[in-house]
Amino acid sequence: LFFNETYSPLSSDEIIAKEKANMNNKRFQHCVRVSETSRKLAKLNGYDEDKAALAGFVHDYAKQVPIDEYREVIKTQDFDKDLLNWNRAIWHGIVGTYFITRDLKITDPEILQAVWRHTTADTEMTTLDKIVFMADFIEPGRDFPGVDEARKITYEDLDAGVGYQLAHTLEFLIENRNKIYPRTLEAYNVWSVKSK
Ligand code: GDP
Ligand code: FE
Ligand code: FE
Ligand code: FE
């Protein structure tokens, strides 16, 4: 495992060590697989493979940060205070960017935006946003009904993959009577519906 060292004053080894120390091994292995899948999707879509691999690796850096720490950061930093009404599923992308800059010293806006959007997606998505969003969904460790179709669709057409994932996530959230984050719904309306 080695990451391009132009995106942080920290070395590749230091970033890997910090990430390992911030999560359990299961989550760390997921991040490694998302990194590898991001690299693959970057190659297929003509995007910088090294940058995609790093963005994919750090996407869940803050997934296991304690809830109290999140609440403190949302209150004291420049985040929408409505986030206090949500939970770690929503926070770890959006607010996760704060911890990635603080701890891993990554400031590249494209990488941070891809992390920000990796759970909820958005109405507008850059190629890197789509790569990380889809790599998270189809990495080889994922196993849910439809994952093989998701992989096939995504490797053929990244945008179609985004539409597939958002519809799948909305179905899952509604099935379980979960609250829908408005951005997720807005993204679904752009990427998943057949007519606009
Ligand atoms: P992970 O971090 O690798 O597990 O994957 P994600 O970051 O993509 O998703 C984390 C969790 O957020 C998943 O369980 C999703 O179902 C959930 N999630 C995504 N969108 C929404 C939403 O709009 N509302 C709620 N309540 N949960 C969501
Ligand atoms: Fe995540
Ligand atoms: Fe995701
Ligand atoms: Fe993830």
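**Chatting through the core and the iron sites**

Me: Hi! Which residues touch the most other members of the largest nonpolar core?
Reply: Hello! In this predicted model, that core has 60 residues, and Phe57, Val58, Leu83 and Val95 touch the most other members.

Me: Nice. Which helix gives the most to this core?
Reply: That's helix 8, with 8 residues.

Me: And what is Val95 in contact with, leaving aside neighbours within four places in sequence?
Reply: With those set aside, Val95 contacts Tyr70, Val73, Ile74, Phe79 and Leu83.

Me: Where do Asp60 and Asp136 sit?
Reply: Asp60 is in the loop between helix 3 (49-58) and helix 4 (67-76), while Asp136 belongs to helix 8 (residues 127-138). They are 76 residues apart, so to speak a link between distant parts of the chain.

Me: Are those two buried or exposed?
Reply: Both Asp60 and Asp136 are buried.

Me: Which iron ions does Asp60 bridge?
Reply: Asp60 bridges the iron ion (ligand 4) and the iron ion (ligand 2), and the two ions lie 3.4 Å apart.

Me: Which residue coordinates both the iron ion (ligand 2) and the iron ion (ligand 3)?
Reply: His118 coordinates both, and those ions are 5.2 Å apart.

Me: Changing topic: how do helix 1 and helix 2 cross?
Reply: The axes of helix 1 (residues 12-21) and helix 2 (residues 25-44) come within 9 Å and cross at roughly 140°. That makes helix 1 oblique to helix 2.

Me: Which residues meet there?
Reply: From helix 1 there are Ile16, Glu19 and Lys20, which meet Asn25, Phe28 and Cys31 of helix 2. By type, this contact has 3 nonpolar, 1 polar and 2 charged residues.

Me: Last one: where is Asn189?
Reply: Asn189 is in helix 11 (residues 182-191). Its relative accessibility is 42%, so Asn189 counts as partly exposed. The C-alpha atoms of Asn189 and Lys18 are separated by 37 Å, with the two residues 171 apart along the chain.

Notes: Residues numbered from 1 in each chain as written. Chains lettered and ligands numbered in written order. Predicted model: local features only at pLDDT ≥ 70, side-chain atom pairs only at ≥ 80, totals over all residues. Heavy atoms only, no water. Donors = N, O, S within 2.8 Å, 3.2 Å for Na, K, Ca; no water. Helix = DSSP H or I, 4+ residues; strand = E, 2+ residues; numbered from the N terminus. Buried < 20%, exposed > 50% of the residue type's maximum accessible area, 1.4 Å probe, protein only. Axes fitted to C-alpha atoms, helices over the stretch in contact; angles between N-to-C directions. Parallel < 35°, antiparallel > 145°, perpendicular 65-115°, else oblique. Contact = heavy atoms within 4.5 Å. Nonpolar A, V, L, I, M, F, W, Y, C, P; charged D, E, K, R; others polar. Core = buried A, V, L, I, M, F, W, Y, C linked by side-chain atoms within 4.5 Å.
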